[in-house]
Amino acid sequence: MTANVTQLPETASAEDILQALDKDGVVIVRDFLSSGLVERLNAELQPHIDACRMRDVQTGYDDFLGGSTVRLHGIAAKSDSFPDALLEPRMLAVMDALLKPNCTDYRLSAAELIEIRGGETAQVIHRDDDSWPRAAQAAAPLVINVMMALTDYTEDNGATVVVPGSHKWDVDRVPEADEITHAVMPAGSAAIFTGQCLHGGGTNTSGKVRRGLSVSFCHGWLVPVENSWLGVPLERVRQLPERAQELLGYAAYDGTSMGGGMINMYEVGSPKALLES
């Protein structure tokens with residue numbers, strides 16, 4: 001039987017999403033973003049995409065990132081509409097349920113614009129939890145990824161390859177061909193998957209771009225994949241809603257209630273002080 005990804009309607013609740021993630025490790029929610037928000041995100045990010053230089057593939061990691069793929073960080077500095085995507089209520093409710101059992105709060109791991117262009121080859125299938133050492137993975141999932149489609153995702157334009165159910169596998173298990181499928185979805189949809197779910201960027205044979213905004217969250221005690229402190233200027237952070245500021249790392253992490261301590265401090269206090277100066 002060929003694998004497939006459960007698709008939920010626009011009206012899906014956080015509970016519906018959590019049930020699908022528990023079963024398969026991945027789920028698609030259609031019309032997750034409004035058409036107006038998709039249009040604004042595309043328009044605001046287009047100048048930065050146009051200015052991006054393609055990667056010269058010289059190492060295995062360069063190949064992993066893609067020689068025909070545009071990648072941008074610092075989205076909060078590049079798009080005024082980004083907070084509307086970052087603070088989507090159902091998404092944060094899912095993060096509360098899946099991450100907070102092992103942390104007192106979570107933060108943005110990375111917000112990455114990923115545009116796969118014609119001729120790009122498939123990315124190696126991987127788990128996002130493997131961004132951190134295996135020693136930390138007793139607290140899995142370490143990260144939850146929400147891939148927001150800013151264009152249609154099709155099998156021939158590089159739709160994300162996923163392996164439903166792989167979040168429950170032994171880490172050394174290799175998927176069979178019939179266990180692998182694509183997260184095919186229209187623009188505005190979101191593919192949500194846990195850090196233990198095998199996935200990767202697909203091959204683009206269409207000649208048309210596949211553009212998505214990957215927004216991922218990790219435990220507050222982890223070093224995130226993206227350094228938002230360097231990528232988003234303070235003057236821009238000061239303009240963001242308070243919860244967005246916290247997710248970008250402008251809050252001390254208080255782990256005392258879970259047997260830890262205070263980390264992510266600034267001048268023996270919270271880095272929120274930087275936003276008040």
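Author: Strand β5 is joined to strand β10 (residues 210-219) by 7 bridges, and the two run antiparallel. This is a predicted model, where local features need pLDDT of at least 70, side-chain atom pairs count only at pLDDT 80 or more, and totals for chains, interfaces and linings use all residues. Residues are numbered from 1 along each chain as its sequence is written, and side-chain values use heavy atoms, with hydrogens and water left out.

Reader: What makes β5 and β10 a pair?

Author: Strands pair if DSSP finds at least two bridges between them, and here 7 bridges join β5 to β10, so they pair. One example is V146, whose bridge partner in β10 is V215.

Reader: Which strand do 5 bridges join to β5?

Author: That is β8 (residues 190-194), which runs antiparallel to β5. In β8, T194 is the bridge partner of I144.

Reader: Why is β5 called mostly covered?

Author: In β5 (residues 143-149), 7 of its 7 residues are buried, meaning under 20% relative accessible area (1.4 Å probe, protein chains only). V143, N145, M147 and A149 point one way and I144, V146 and M148 the other way, all buried.

Reader: Why is α1 called oblique to α6?

Author: The axes of α1 (residues 14-24) and α6 (residues 89-99) cross at roughly 50° and come within 9 Å. Under 35 degrees would be roughly parallel, over 145 roughly antiparallel and 65 to 115 roughly perpendicular, with the rest oblique; α1 is therefore oblique to α6.

Reader: Which residues of α1 meet α6?

Author: They are A14, I17, L18 and L21, which meet R90, A93, V94, A97 and L98 in α6, where contact means heavy atoms within 4.5 Å.

Note on methods. Axes are lines fitted to C-alpha atoms, for helices over the stretch in contact, and angles run from 0 to 180 degrees between N-to-C directions. Helices (H or I, at least four residues) and strands (E, at least two) are DSSP runs, numbered from the N terminus. Buried means under 20% relative accessible area, exposed over 50%, partly exposed in between (1.4 Å probe, protein chains only).
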